[in-house]
Amino acid sequence: MLLNSYNTTLVTPLFMRRFYHDLYRGLLAILILLPLTANATQIDTSSNSPVTPQVRIGLHGMLLFGSEYGLFASHLPMFHTPHNAQVVLQLTFDDPQINTAVINGLTLSAASGYPIWTIVPQQFDLSMLSPAHPNHINHLSVDIVKGHFERGGETQWKNQGLTVARVLVFNELDTQFELQKASNNTYLKVNNTPDDKVQFLVKRLTTRPDADHIVRLDNVGNSLPAEIVIPIDVAKLFNDEAQLRAALPDTAPKNTSLTTSSTKLKTTSPMTTVSRVYIELDELK
């Protein structure tokens, strides 16, 4: 008797209406949640995708400097795209005769007190010089200019290939103005080996405005630290050559004595000298 009563309750029309009503509500909730779930999955996937490097296609002139110990180039930067990166390279020209001629030219210019040489690559994406770029490049075709290529320089050789041996600095620059500056300047050592008698210091660029400053060190005796940190000259944005010389550690070897059968000679190695290669303020305002 009870069983018959239960079966009758299961098939009552009211029960069936409630059953289908609840089923409809459940299906509707699932359909509403499906797009949200799909969107959430898409967001998670994109967050794991690699960041696309900034594209910096343009005419990227570079300061050329060096000595018999090695050749280097420093991109002439600005605080706007596509030039908002400080890039310093060690390089070799593909033609050995051109490589030797450039070294000789730089040596003569340094002795004359006018050491500026520049190179002008064909237009390319500067970001591709970064070792972190997925399509990193290490070869450029350039014109070689005695003087500044935009300020009366004279082209010496055109369409010369060069190979980038090392990327020493690739420092992206923030284009915002008057961000807070540090209390010190940092000058980075640039050389081929720690024993080079001629080495260079390149100021690390930080915030706008700044100074692109490169100096040459002659008669380097002992190894220099990788960085020279010096209190900032807030009035000029950079530290002049006398200040840098005072900040250098003693690189000269100690006095040595040479004894012969007839006399005792005392020799002294020359002190390291600091001379300016390049300074630029206007382009970094």
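Start by selecting strand E5 (117–121): 5 of its 5 residues are buried, so E5 is largely enclosed by the rest of the structure. Buried here means under 20% relative accessible area, exposed means over 50% and partly exposed lies in between, with a 1.4 Å probe and protein chains only. Strands are DSSP runs of E with at least two residues, helices are runs of H or I with at least four, and both are numbered from the N terminus.

This is a predicted model, in which local features need pLDDT of at least 70 and side-chain atom pairs count only at pLDDT 80 or more, while totals for chains, interfaces and linings use all residues. Residues are numbered from 1 along each chain as its sequence is written, and side-chain values use heavy atoms, with hydrogens and water left out.

Show the side chains of E5. Trp117, Ile119 and Pro121 point one way, Thr118 and Val120 point the other way, and all are buried. In a regular strand the side chains alternate between the two faces of the sheet.

Two strands count as paired if DSSP finds at least two bridges between them.

**The barrel**

Now select the other strands of this sheet. Which strands close into a barrel, and in what order? There are 6, in the order E2-E3-E4-E8-E7-E5, with antiparallel pairing. On average, neighbouring strands of this sheet are turned by 40° against each other, direction ignored. For such angles, axes are lines fitted to C-alpha atoms, for helices over the stretch in contact, and angles run from 0 to 180 degrees between N-to-C directions.

Move to E8 (residues 154–172), which is joined to E7 (residues 139–146) by 7 antiparallel bridges. Two residue pairs can be picked out here: Lys146 stands opposite Glu154 in E8, and Ser141 stands opposite Gly161 in E8. E8 is also joined to E4, by 9 bridges and again antiparallel. On that side, Gln86 stands opposite Asn171 in E8.

**The cavity**

Keep E2 and H3 on screen. Each supplies at least two residues of the lining of the largest cavity, and E2 gives the most, with 3 residues. Select Leu64, Phe65, Gly66, Leu106, Ala110, Pro115, Phe200, Arg216 and Val277 to see the lining. The lining divides into 7 nonpolar, 1 polar and 1 charged. Ala, Val, Leu, Ile, Met, Phe, Trp, Tyr, Cys and Pro count as nonpolar, Asp, Glu, Lys and Arg as charged, and the others, Gly among them, as polar.

The volume of this cavity is about 60 Å³. A cavity is a set of points, on a 1 Å grid over the protein atoms alone, where a 1.4 Å probe fits but cannot get out; a pocket is an open set with protein on both sides within 12 Å along at least five of seven lines, and lining residues have an atom within 4 Å of a point. Grid points are joined across faces, edges and corners, and a volume is the space filled by probe spheres set on the points.

**The pocket**

Select Leu76, Met78, His148, Phe149 and Glu150, which lie nearest the centre of the largest pocket among its 16 lining residues. The pocket holds about 160 Å³ of space, and its lining divides into 6 nonpolar, 5 polar and 5 charged residues.

**The open sheet**

Go on to the 5 strands of the open sheet, which run in the order E12-E9-E10-E11-E15 with antiparallel pairing. E12 (227–231) and E15 (273–280) are the edge strands, each with a single partner, so one side of each has no neighbour in the sheet. Neighbouring strands of this sheet are turned by 25° against each other on average, direction ignored. Within the sheet, E10 (residues 199–203) and E11 (residues 212–218) share 4 antiparallel bridges, and the bridge partner of Gln199 in E11 is Leu217.

**Last stop: Glu241**

Finish at Glu241, in helix H4 (residues 241–247). Is Glu241 buried or exposed? At 15% relative accessibility, Glu241 counts as buried. Leaving aside residues up to four places away in sequence, Glu241 touches His213, Val215, Val274, Ser275 and Arg276, where contact means heavy atoms within 4.5 Å.
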